[in-house]
Amino acid sequence: MQEKQGSKERLIMKRVIACIDSSPCINALAEAAAWIATQTQRELVLLQVLDYYPASYHLGEISGVIGFESNAMLLKELAELEQKQSELAINYSNNLLAHISKMVKEKHEIDVTIIQEKGDFLEQSFNVLREDDIAILGRVGERAAEKNKVIGSNVENFIRGVNCTVMTVGEHFKAPTRFIFAYEYSPTCIKMMKRIAQSDLLKLLQCHLLYVGDHPEVLNEPADFLTSAGLDVVVEYRYGDVAENILDYQREHGIQLIVLGAFSHSKIHQFFLGSITTNIFRNSTVPLLVAK
C-alpha cells in the first residue's frame, strides 16, 4: 500500500516518520512520533517495511545435493508456503498499523498516513525518507530484542545512511522539555549547531550546551549563536571522561533528550565508530537525537 497522492500542500508538508515493527519499543516510538507531530505540526507517517525471509531463502544451499524430481516438488511446496507466509505477514502488518493508527487518533487526535513496503528495511527506508524529515526508530528492532541486544544492528546502519534527523527511543518515552547538546569545535558540530537553531522541534526546548574538555572558551560562540536564534541556553563546562560526563549531567538534571552528531576529533572520530558514542547509546535511558 503506497502513500496516497494528496494536495500540493500535503506533498510539501514536513513529516515525522515512525519506523514501525513489533519490537518492545513500539508504544514509546508511537508516543514520541505523536509528540513531535503535535509540537511541530508535521504530518505523522507510519512506515513499515516487510523484510521477512521467504521460505525458499536457503533453497540454493540444498538444491545441488537433491535430485531434479525432488527439487521440483520442493519448489512447488515452497511456492505455496511463500504465498501463505506473504499473506500472514501482510495481515499482521495491517493489524499492527491499524492498532497504532487507532491509538494515536484516540490519544492525540492525529490522523496518520501509512506507507507499507516490502524488501530490505534500510533500502526501502532510504527511498522514502527526505532530508527535512524527522525519523523515529526503536533502539532495538524485533530481531535484536529477541537476542537481548542493547542496540539493534539496523540502528547503526540507519543513522549512518540517512540524511535526515533521527531520534531513537527505548521502551519508555516522556515528552522532553530540555535537551543536552554535547559540543566540540569541529565543522560537523558547527553544522549541527546551525541545524538545531533552525529545528522546528528543538527550538521549543531548553538547550543545555555541554562541553567536556580543556578549552571551555569554545562554547562562547555557539552559546551566543543559539541564544540569538531564540533558544533558551544553559552553558556547562566539564572535565574528564566525555561519555560519563554527558550521562552524569543528564541524570543529575533529569534531562529527557540527548543530541549527538558525527564528531570529527579523535575523542569521537565518527558516529558509532568511537567508544564514547557507543557508550552513551548503551547506557542512556532517554531518547537520543542525531541532527544531521
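**Strands, a helix and salt bridges**

Reader: Which residue in S10 does Met167 stand opposite?

Author: Met167 stands opposite Leu289. The model is predicted, so local features need pLDDT of at least 70 and side-chain atom pairs pLDDT 80 or more, while totals for chains, interfaces and linings use all residues. Residues are numbered from 1 along each chain as its sequence is written, and side-chain values use heavy atoms, with hydrogens and water left out.

Reader: And what do S and H stand for?

Author: Strands (E, at least two residues) and helices (H or I, at least four residues) are DSSP runs, numbered from the N terminus.

Reader: OK. How do S5 and S10 pair, parallel or antiparallel?

Author: Antiparallel, over 3 bridges, with S5 at residues 165–169 and S10 at residues 288–290. Two strands pair if DSSP finds at least two bridges between them.

Reader: In which sense do S4 and S5 pair?

Author: S4 and S5 are parallel, over 5 bridges. Gly138 has Val169 of S5 as its bridge partner.

Reader: How many residues of S5 are buried?

Author: 5 of its 5. Buried is under 20% relative accessible area, exposed is over 50%, and partly exposed is in between (1.4 Å probe, protein chains only). Thr165, Met167 and Val169 are on one side of S5, with Val166 and Thr168 on the other, and both faces are covered.

Reader: Switching to H9. Which residues are buried there?

Author: Pro222, Ala223 and Leu226. They lie on the same side of H9, because they cover an arc of only 100° around the axis. The arc is taken from the directions from the helix axis to the C-beta atoms.

Reader: Why would residues three or four places apart point the same way?

Author: An α-helix has 3.6 residues a turn, so residues at that spacing point the same way.

Reader: What's on the other side of H9, and what covers the buried residues?

Author: Glu221, Asp224 and Ser228 are exposed on the other side. The cover for the buried residues includes strand S6 (178–182), helix H8 (187–198), S7 and strand S8 (233–238). After H9 comes Gly230, with a positive phi near 105°.

Reader: Where is Asp214?

Author: In the loop between strand S7 (206–212) and helix H9 (220–228). Asp214 counts as exposed because its relative accessibility is 61%.

Reader: How many salt bridges are there?

Author: The structure holds 8. A salt bridge is a side-chain nitrogen of Lys or Arg within 4 Å of a carboxyl oxygen of Asp or Glu. One of them joins Asp133 and Arg15, at 2.7 Å from N to O. The two are 118 residues apart: Asp133 is in the loop between helix H5 (121–128) and strand S4 (134–138), and Arg15 is in strand S1 (residues 15–19).

Reader: Is Asp133 buried or exposed? And what about Arg15, buried or exposed?

Author: Asp133 is buried, at 1% relative accessibility. Arg15 is buried too, at 2%.

Reader: Which residue does Lys107 form a salt bridge with?

Author: Glu31, with the closest N and O atoms 2.7 Å apart. Lys107 is in helix H4 (residues 68–108) and Glu31 in helix H2 (residues 26–40), 76 residues apart. Lys107 counts as exposed, at 54% relative accessibility.

Reader: Which residues form a network of salt bridges?

Author: Glu236, Arg238 and Glu252 are linked that way.

Reader: Last one: what is Ser101 in contact with?

Author: Leu46, Val112 and Ile114, leaving aside its neighbours within four places in sequence; contact means heavy atoms within 4.5 Å. Ser101 lies in helix H4 and is buried, at 15% relative accessibility.
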